[in-house]
Amino acid sequence: MTAPNYICPICQSSLLLTDKTFRCENNHCFDYAKEGYVHLLPVQNKKSLMPGDDKNMVMARRAFLEKGFYQHLRAQLLDSLGELAEQQVVDLGCGEGYYTNELQRINPNAAVYGVDISKAAVKYASKRNKAVHYSVATNALLPFADGSTDLIVNIFAPISASECARILKTSSKLVTVTPGENHLFELKQFIYDAPEKHQQAAVPEGFEQASMTVNEHQASVDDAEDLNNLLLMTPFGWKITQDKKAKLLASLPLNLTLSFNLTEYQIKS
């Protein structure tokens with residue numbers, strides 16, 4: 001695996017790797033963790049002590065995804081991206097690497113990067129695939145040089161449109177996955193008195209939509225542990241009351257609509 005192509009999150013100069021330490025010309029240093037990731041989120045760029053998803057949320061998402069509930073989405077995403085050759089691919093908000101690791105496995109010659117603000121998520125992801133370059137960083141200040149990236153993938157995570165435009169090559173693309181109109185609507189009916197369907201995500205500023213496809217299918221959640229994991233990995237876990245949660249668990253099995261919008265954007269010419 002070739003050395004990662006990072007810039008310093010403090011002064012934005014190039015980072016050079018010596019042994020297991022990244023160092024810039026201004027002597028800012030960042031060490032590889034033993035799990036194989038690098039922490040590129042300086043204290044001054046943090047808004048909390050431990051930003052991003054905590055360990056419980058990461059493990060809940062891992063357990064739920066490993067049951068195959070989102071396998072249809074991952075398969076379509078990988079198929080739509082096709083052959084990436086030796087490109088630089090950045091997965092923003094990579095989480096525990098469910099999608100990122102497969103991007104690298106089907107395209108072993110590509111330089112695949114996973115970026116997430118959650119140390120717990122990146123720590124787990126980096127253990128699963130040493131061929132991916134994982135870093136803890138913020139999407140608001142990405143550790144990549146201007147015009148260095150061929151493809152950005154973003155799945156359910158906030159992005160900075162200006163940062164995406166900055167690191168992308170002119171002819172490259174941003175691919176996002178956002179909730180489809182009917183995503184988890186049956187779950188919403190248990191939680192909200194007047195549930196609303198998801199609105200289509202706005203086009204990131206400075207980009208134009210090239211295409212969009214909808215991935216939608218039905219899934220049955222039969223197990224209480226799976227349902228608890230789903231709640232914990234989504235905002236619904238904070239919103240549902242104990243009474244409604246008890247009624248929800250008593251209603252199992254629960255049929256759910258899993259709906260996703262896969263959208264491709266290009267930088268406006």
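Let me start with a definition: helices (H or I, at least four residues) and strands (E, at least two) are DSSP runs, numbered from the N terminus. Just after helix α2, G82 takes a positive phi of about 65°. I will come back to that helix.

Some ground rules. What you see is a predicted model, in which local features need pLDDT of at least 70, side-chain atom pairs count only at pLDDT 80 or more, and totals for chains, interfaces and linings use all residues. Residues are numbered from 1 along each chain as its sequence is written, and side-chain values use heavy atoms, with hydrogens and water left out.

First, the overall picture. The protein has nine helices and eleven strands. Its C-alpha trace spans about 60 × 40 × 30 Å along the principal axes. The radius of gyration is taken over C-alpha atoms, and the globule rule is 2.2 Å times the number of residues to the power 0.38. With 269 residues, a compact globule would come out near 18 Å; the protein has 19 Å, which agrees.

Next, burial. A residue is buried under 20% relative accessible area, exposed over 50%, and partly exposed in between, using a 1.4 Å probe and protein chains only. By that count, 49% of the 269 residues are buried. Contact means heavy atoms within 4.5 Å. Among contacts with a separation of 6 or more, 65% are between residues 24 or more positions apart.

Now the interior. In soluble globular proteins, nonpolar side chains tend to be buried together. A nonpolar core here is a set of buried Ala, Val, Leu, Ile, Met, Phe, Trp, Tyr and Cys residues joined through side-chain atoms within 4.5 Å. The largest one has 46 residues, and Y70, L77 and L187 touch the most other members. Strand β11, residues 254–267, gives the most to this core, with five residues. A second, separate core has 23 residues, including F22, L92, L142 and I167. As for L187, its contacts beyond four places in sequence are L227, L230, L231, F236, L248, L254 and L256.

Back to helix α2, which covers residues 71–81 and has L73, R74, L77, L78 and L81 buried. Where do the buried residues sit, seen down the axis of α2? They fall within an arc of 125°, so they line one face of the helix. That arc is taken from the directions from the helix axis to the C-beta atoms. The buried residues of α2 pack against α3 (100–106), β8 (149–155), β9, β10 (207–221) and β11.

Then the loop between β9 (168–179) and α6 (185–191), which holds N182. N182 counts as buried because its relative accessibility is 18%. Leaving aside neighbours within four places in sequence, N182 is in contact with K197, E216, T257 and S259. L184 is found in this loop between β9 and α6 as well. L184 has a positive phi of about 55° although it is not a glycine, and at 2% relative accessibility it counts as buried.

Two other backbone points. N27, in the loop between β2 (21–23) and β3, has a positive phi of about 70° and is not a glycine either. A cis peptide bond joins L252 and P253, with omega about 0°. P253 lies in the loop between α9 (242–250) and β11.

Last, the cysteines. A disulfide is a pair of cysteine sulfur atoms within 2.5 Å. How many disulfides does this rule give? The count is zero. For C11, the closest cysteine sulfur is in C24, 3.6 Å away, which is too far for a bond. C11 is partly exposed, at 25% relative accessible area. For C164, the closest cysteine sulfur is in C94 at 14 Å, again too far for a bond. C164 is buried, with a relative accessible area of 1%.

C29 lies in strand β3, residues 29–31, and is partly exposed at 37%. Not counting residues up to four places away in sequence, C29 touches T21, F22 and R23. C29 and K197 are 168 residues apart in sequence, and their C-alpha atoms are 46 Å apart in space.
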